[in-house]
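Subject: Handing over the structure

Hello,

Please keep the sequence and the 3D view open while you read.

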Amino acid sequence: MAGSNPNAKPMNLTLKVWRQRNRNTEGRIVDYKVKDISPDMSFLEMLDVLNEDLLRQGEEPVAFDHDCREGICGSCNLFINGRAHGPEKGTTTCQLHMRKFNDGDTITIEPWRATAFPVNKDLSVDRSAFDRIIQAGGYISVNTGGTPDANEIPIPKDIADRAFEAATCIACGACVASCKNASAMLFVSAKVSQLALLPQGHVERKTRVENMVAQMDKEGFGACTNIGSCAAECPVGISLENIAIMNREFINAKATSNNLA
Amino acid sequence: MSWITKTFSSSIGRKIIMALTGLFLCSFLVVHLLINLQMLRHDGGASFNFWAEFMGTNPVIRAMEVVLMLGLLIHIYQGLALAVKNKKARGTQGYVVNHSEQNSQWASRNMALLGTLLLIFLIVHLMNFWIRSRFDAMGGLAEVKVPNLDHPVGDLYSVAAASFKIPWYVALYALSQIALGYHLWHGFRSGFQTLGLNHRKYTPAVYATGYAFSVIISVLFAVIPLIMFFSSAYQPRPATGNTVERSLTEEPALR
Amino acid sequence: MILDSKIPEGPLAEKWDKHKFNVKLVNPANKRKYDVIIVGTGLAGASAAASLAELGYNVKAFTYHDSPRRAHSIAAQGGINAAKNYQNDGDSVYRLFYDTIKGGDYRAREANVYRLAQVSVNIIDQCVAQGVPFAREYGGLLANRSFGGAQVSRTFYARGQTGQQLLLGAYSALSRQVAYGKVKLYTRSEMLDVVIVDGQARGIITRNLITGEIEQHSAHAVVLATGGYGNVFYLSTNAKYCNVTAPWRAHKKGAFFANPCFTQIHPTCIPVSGDYQSKLTLMSESLRNDGRVWVPASKETAERLRKGEIRVSDIREEDRDYFLERKYPAFGNLVPRDVASRNAKMMCDEGRGVGSSGLAVYLDFADTIKRNGAEWVSSKYGNLFEMYAKITGEDPYEQPMRIYPAVHYTMGGLWVDYNLQTTVPGLYATGECNFSDHGANRLGASALMQGLADGYFVIPYTIGDYLAQTAPKPVTTDHPAFKEAEAEVRARVQKLMSINGTRTPDEFHKALGHIMWEYCGMARTAEGLQHAKKEIQKLRKEFWSDLKLVGTEGEMNQALEKAGRVADFLELGELMVDDAYNRNESCGGHFREEYQTPEGEALRDDEKYAYVAAWEYQGDNQPEKLNKEELHFENVKLTQRSYK
């Protein structure tokens, strides 16, 4: 069954794909042709076609990360034609569809580039730095059980909504990939501001921001210079306001916490 | 490291320093511009020289001058340090194709470049005016009488008027104001964001103010030398044995 | 083997409390002497890992993703049920229990389901304390919505991303324990076998997906929280990596596999658009709260529509058949998933389907938009509408969505007793990986509830009971069983690499999926199932002689990963077919065409089939042995489910 345009013609495309054997070898761009690509295919389905062709020909398929293919797991992470997740706003790579391209197009596909995101192979990168930042404080310290009734603390709807919007971050890393400084501020601030907005998060707000920022710096991410590429390319629309909130939290924590270290 | 050094060596701490010094430098620009505008008065530089004297002798201003210099140096140092850190974070392998123009403003991505251009201009500019007016060993200024003051003051006006008759200097000056404009275009609002001053009610006003500020400041700074270059109403006083002034003024036009 | 479900004695409502008192405890100082392996970091795995680490056990958590947060729980959209009765609409633990038993078509254990309903209320408290931003009312209290199979509003939600928010809550708790050093995290590590020492699960063998290294890991107990096996159908709403390998390896080492044929077909998915399709996308069931399901009343209209001679807007109100509202006036569009799916299929079989393939029905929001405005709809379902528009290129605000059923969830899984222990001592299964709570059909918003109930509130008690009876001596990988298991894994990987045939893993997977969907999908017949069995056996043979792989096993090799998973699906598929063939009745997600009421509803046979079919592995290419756990219903009366 066709989608928007049942008469759309299949496309032939040239792909320029970054190939790199592993972390310790040099990579390079390799050209491939794919034929009869339906405009209703997703971008990753187009890559599936390429990989099936390669495998049948006895060549190694292109490694790339993906999983849910519905824009929520945050696995997919391709830099397509000079843009994180490609040309469509508010869209992950897996939700990008080929109807956004034209027959005869050349598409350049690269992995995220950042010192903190080393390449595993081809288009797959290591984003474990994000996990370590969360481990540094991206949580509320409550053990299982012994928690008060869920309705004990009323939370104004607009606050809950804003916390939710910050919490929708999928940790894909597009913010880092598109930032000139490879800064992770949008990612880190989304978690800091979610937990700073909610009353449950207030208890640890000072140590949280101090520790998470310290870990972020330790991982080798750059400093934010408020360019705004991150928010512009964020597939789930995390706002720059979160970075301001984090800056505020940081200033407050550093100025008033009892932590002398 | 103590908590203080840790704070200001963290990525956010460095940015806070950039924001504080940057916004402070913005306030200086306003004062500087107001005084520069005095040159356009048709009073042979009397008002300008009066205020120049004030800036050079008032103890509060002199004290602030030290703070300003420190602020400027810190701003430059941190800016360069950030640029180096950020380049390292980006890594050695860049993108083969990168369309960052589709997700951000040119000025925002090129603050380090703009800052460097401004630094080059500043060096020339300071050598020309500030060092000269502050340190007699560097040439000093001729003395003139101005109304309302019973003692003679340094004739900075003539230095400026003479400089603004040199085509390459006027061009450098005016072009540098474009760099300044772009630098402010990003820097003003960016400073607020870094300090956490982002609120859906007020941020639009901050943006608008920043854009207006950058245009007004840079345009006014740029038009002063242009007017003085093209108009015959602004002339330096004839040289009175001041060799440095002569060397700057290739063809001293006499009134 | 006689299956002992270990259901505690006593009245239903007191069983769990009594059991908690009766289980043995590990003294707090001894807990740090026990290691527990948890495979999978979705809702069930992450919550268990965090909770066990909080208690003091040393946890090793494994995931094949690059981060625990990528587990497919993240994609759950609609919500999580809990018997909080915040809406004052008559909900209670008993009602949630009753709805779940009934929704599961009376093929689940009463005691397990009641416990699930009991702890559901604690889950919500726990998640809110973690900072999960559930939807709220203007007064600041939690909001609820209603879901299929229930007449009360008991579903807590975070817009259309409830699974994401709950998983991030569990992930944050897990991350905290990683920071404390109580959980050691192994990412990009795929479990390829379980190690049994003297009849007890004592470790696992994994493959590092980046380096290809085969590794041994030991522990006092192993918990599998590896999700469902819906991807046996190739096309499903599961994520691409979802697979059956971990439970299937455990099955081959002695864990019984229960009710494998119970698969849930979700009614509201975006229809297939071409044969390149790699997965199907779910549109949350919550959409059925405000969307109306319909097809053209006549075949002729439907045909003209498919040919593009008329448009949807040309079809008059009286020419539309809102078939769910017509057939089930009491529940309307909110009938359980199996009923909604089957009816959509019926409409398409009658030739009244829409879209160019005719394999879709409409889900229409026009009335709601007219009543409440587009903005209201957007605030509730905005992200789902966007997703639909991205995938189909159509605007659901302007024209109705096209939906069709797709494989979504597998109720079957490893057989576990009341303690969630499999038939292998020391080996546990939680979440979708086990078979325990949903019977033959799962109600919407109950999967999240079960995953978290198992992980936060059940396994922390029950695993202690087992560990308390195990000596707190260190378990190492020195035992020869580890070497043997590793050698087996290596041999299998090398075998896959050395076939050197012509067909890719995906080709085999697609072929298997086609067989499964055709003969073991929404409607099954004895004849079709027998045919499918032969087809699968044939395909499996071809797989082991004609598989094509390139590269080496000592590096990142995604095709190799895929091949290993497909190999296990090819074995599971046959067992599903056997199970479906054995069950001569229709119940929930299992619909045998031979067994239906005159109105086309599922016809159960409680006399003969009120049991759990637990299959026991007997060796390669040997028929599996059927073990029966009879189900006893002491609190609910078995009736024909009716949603009219």
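To begin with a question: of the contacts in chain A with a separation of 6 or more, what percentage comes from residues 24 or more positions apart? The answer is 72%, and please keep in mind from the start that this is a predicted model.

Chain A

Chain A contains eight helices and seven strands, and its C-alpha atoms fill a box of roughly 65 × 45 × 35 Å when this is taken along the principal axes. Of the 261 residues in chain A, 62% count as buried.

Chain B

The box filled by the C-alpha atoms of chain B is roughly 60 × 45 × 40 Å along the principal axes. Chain B has 255 residues, and 34% of them are buried. For contacts in chain B with a separation of 6 or more, residues 24 or more positions apart account for 72%.

How the chains meet

Two pairs of chains touch, and the pair with the most contacts is that of chains A and C. Chains B and C, on the other hand, do not touch, and their nearest C-alpha atoms are 20 Å apart.

Where chain A touches chain B, the contact takes 43 residues from chain A and 36 residues from chain B. On the chain A side, the elements that give two or more residues are β5 (106-111), α6 (205-218), α7 (229-233) and α8 (241-256), and the largest share, nine residues, comes from α8(A). Sorted by class, this side of chain A has 20 nonpolar, 14 polar and nine charged residues.

The nonpolar cores

The largest nonpolar core has 305 residues, and those with the most contacts inside it are V36(C), I38(C), A49(C), V223(C), L224(C) and L414(C). Helix α17 (residues 558-582) of chain C gives this core its largest share, which is 13 residues. Another core, of 26 residues, lies apart from it and includes L141(B), A160(B), F164(B) and I224(B).

Helix α13 (residues 447-467) of chain C bends by about 55 degrees at V458(C), and a proline, P460(C), follows within four residues. Because 19 of the 21 residues of α13(C) are buried, this helix is largely enclosed by the rest of the structure.

The other place is G358(C), which sits in the loop between α10 (337-349) and β15 (361-364) of chain C. Is G358(C) buried or exposed? It has 20 C-beta neighbours inside 10 Å, and therefore G358(C) counts as buried. Leaving aside neighbours within four places in sequence, G358(C) is in contact with R306(C), C348(C) and G353(C). G358(C) and G501(C) are 143 residues apart along the chain, and their C-alpha atoms are separated by 37 Å.

With best wishes

Technical notes. Residues are numbered from 1 along each chain as its sequence is written. Chains are lettered from A and ligands numbered from 1 in the order in which they are written. This is a predicted model: local features need pLDDT of at least 70, side-chain atom pairs count only at pLDDT 80 or more; totals for chains, interfaces and linings use all residues. A residue is buried if 20 or more other C-beta atoms lie within 10 Å of its own, exposed if 12 or fewer, and partly exposed in between; C-beta atoms are placed from the backbone. Two residues are in contact if their C-beta atoms, placed from the backbone, lie within 7 Å. A nonpolar core is a set of buried Ala, Val, Leu, Ile, Met, Phe, Trp, Tyr and Cys residues joined through C-beta atoms within 7 Å. The bend at a residue is the angle between axes fitted to the seven residues ending there and the seven starting there. Ala, Val, Leu, Ile, Met, Phe, Trp, Tyr, Cys and Pro count as nonpolar, Asp, Glu, Lys and Arg as charged, and the others, Gly among them, as polar.
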